[in-house]
Amino acid sequence: MWALAAAAYLAGFFLRVTPGVLNVPLMRDFHLNAAQLGNLASFYFYFYAASQIPTGVANDRWGPKKLIVFGTFLTAVGTLLFAMAPNYAVALLARGMIGLGHGVAWVSLLEIAARWFAPRVFGTMSGLSLGAGTLGAVLAQAPLLAMSRWWGWRESLAGVGLVCLLLALLAWRVIRNSPHELGFRDYLPERTPSSLAQVLRGLRDVWGWRNTALLFVAPSGICGAFLTFTTLWGTPFLEQHRGMSGPQASWMIAAMLVAFSVGGMAWGRFSDRLHRRKLPYVVGGGMTLAGFALLSLWPQAPGVLLFGVLLASALGAGAMVVGFAWAKESVPQHLAGTATGVHNTGVMIGALVQLPLLGWVLDALWTGRALGGVRQYDEHAFQVAFGVLMVWVAVALACVLAARETHARPYANLVPVRTEGAV
């Protein structure tokens, strides 16, 4: 059950980061500047973010199977449309469809993990789930670059679309919402479908718990900055100002993605064993902040130092996975799915704002230099852009510090009853 859901998440993560790898042919074929390229990349995140709260509510009501099947099918259609897009407008539409389709994958994957695995390993399974998705992003680096050069970027993405169609079919045939459908004992209690009024009330109520807002902001910086760098702006920076070739830059981004994946698994496991959520998140967030501080303040640092700090920053960003367990534990059980959806929206808010924002900053500081019809941006422009990410990560880290520790216990075991005014 988990493997199929994870495969669907992997495919969507592959598609998430393709604009960074294909930035040169996309800018050339669609005649884009940095802001337009950033908007193309972020269109995925607009629809992904918009789907998170409805996805959490829908998981509470209908279970993850229908959402995984629908989302993977829509991702396939969007990918095939993007591969055939004749212009920028159609490409934007296709990216939006991919984002909307993949938007249901993460929350549904976590729901599968929560229903099919014991609660004591939920943090660990969150890390493994993140690792599966990040593997997709790794495959979208040097392997996708090589595929695009052999067969063309359109043909390569069309092949990915066909794989997504196959995954949707397999998910429909194989996945079950919970163990009791196959005669096994459930780890989660039976859920009664909610009315629309109850759903809206739950969406309102989840914001009444202090951690919801704080943990909504936290990943927008700690994970959002990482996504913005690895999805799009890291590759041109490494190529234009660190003297890397396209394949070398792709391998560097891939190494960061692997570090992020390893971090997710390690922080999740560490958090479960320590019975703490705040400490791992704070340490990881501090590592991420150090990476973007170096990018902004000393982008020409010696290669070994810069790349070492970037890898440590990516490893630290993996601590964001702790936030999913933390968010679920910060609210009553009947709001857990909604809280997860709200939390994942925070993850995406960072990237969907930062991707075009950094493009706008780069265009505002562009000196007029171009190479083969593709704009080239000087080091100062990148420093200012990465400075925006540094400040955002610092604010996010402050939110983590302000959040209430749950000691890795479900809300019902943390406090018996919510009293008036308690958060």
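This is a predicted model: local features need pLDDT of at least 70, side-chain atom pairs count only at pLDDT 80 or more; totals for chains, interfaces and linings use all residues.
Residues are numbered from 1 along each chain as its sequence is written, and side-chain values use heavy atoms, without hydrogens or water. Local features require pLDDT of at least 70 and side-chain atom pairs pLDDT 80 or more, whereas totals for chains, interfaces and linings draw on all residues.

Helices are DSSP runs (H or I, at least four residues), as are strands (E, at least two), numbered from the N terminus. Helix α1 spans residues 2-16, a stretch of 15 residues. From its first C-alpha to its last, α1 reaches 21 Å, close to the 21 Å expected at 1.5 Å a residue; the expected span is 1.5 Å times one less than the number of residues. The helix is mostly covered, with eleven of its 15 residues buried. Relative accessible area under 20% is termed buried, over 50% exposed, and in between partly exposed (1.4 Å probe, protein chains only). The buried residues of α1 are Leu4, Ala5, Ala6, Ala8, Tyr9, Ala11, Gly12, Phe13, Phe14, Leu15 and Arg16.

Two packed helices are described by the angle between their axes and the distance between the axes. Here the axes are lines fitted to C-alpha atoms, for helices over the stretch in contact, and angles run from 0 to 180 degrees between N-to-C directions. Helix α5 (residues 64-84) packs with helix α10 (residues 153-174) at an angle of about 165 degrees, the axes lying 8 Å apart. The two helices are therefore roughly antiparallel to each other; angles under 35 degrees count as roughly parallel, over 145 as roughly antiparallel, 65 to 115 as roughly perpendicular and the rest as oblique. The crossing of α5 with α10 is left-handed, a term for a near helix turned anticlockwise from the far one by less than a right angle, with clockwise giving right-handed. The residues of this contact comprise 19 nonpolar, four polar and two charged. In this classification Ala, Val, Leu, Ile, Met, Phe, Trp, Tyr, Cys and Pro are nonpolar, Asp, Glu, Lys and Arg are charged, and the others, Gly among them, are polar. Within α10 lies Leu169, which is partly exposed at 45% relative accessibility.

A second pair is formed by helix α7 (residues 105-116) and helix α8 (residues 122-139), packed at about 140 degrees with axes 10 Å apart. This angle makes α7 oblique to α8. Their crossing is right-handed. On the α7 side the contact (heavy atoms within 4.5 Å) is made by Trp106, Leu109, Leu110, Ala113 and Ala114, and on the α8 side by Phe122, Met125, Ser126, Ser129 and Leu130. Eight of the residues in the contact of α7 with α8 are nonpolar, two are polar and none is charged.

Ser261 belongs to helix α13 (residues 246-274) and is buried, with a relative accessible area of 9%. Apart from neighbours within four places in sequence, Ser261 is in contact with Gly131 and Thr134.

With 45% relative accessibility, His275 is partly exposed.
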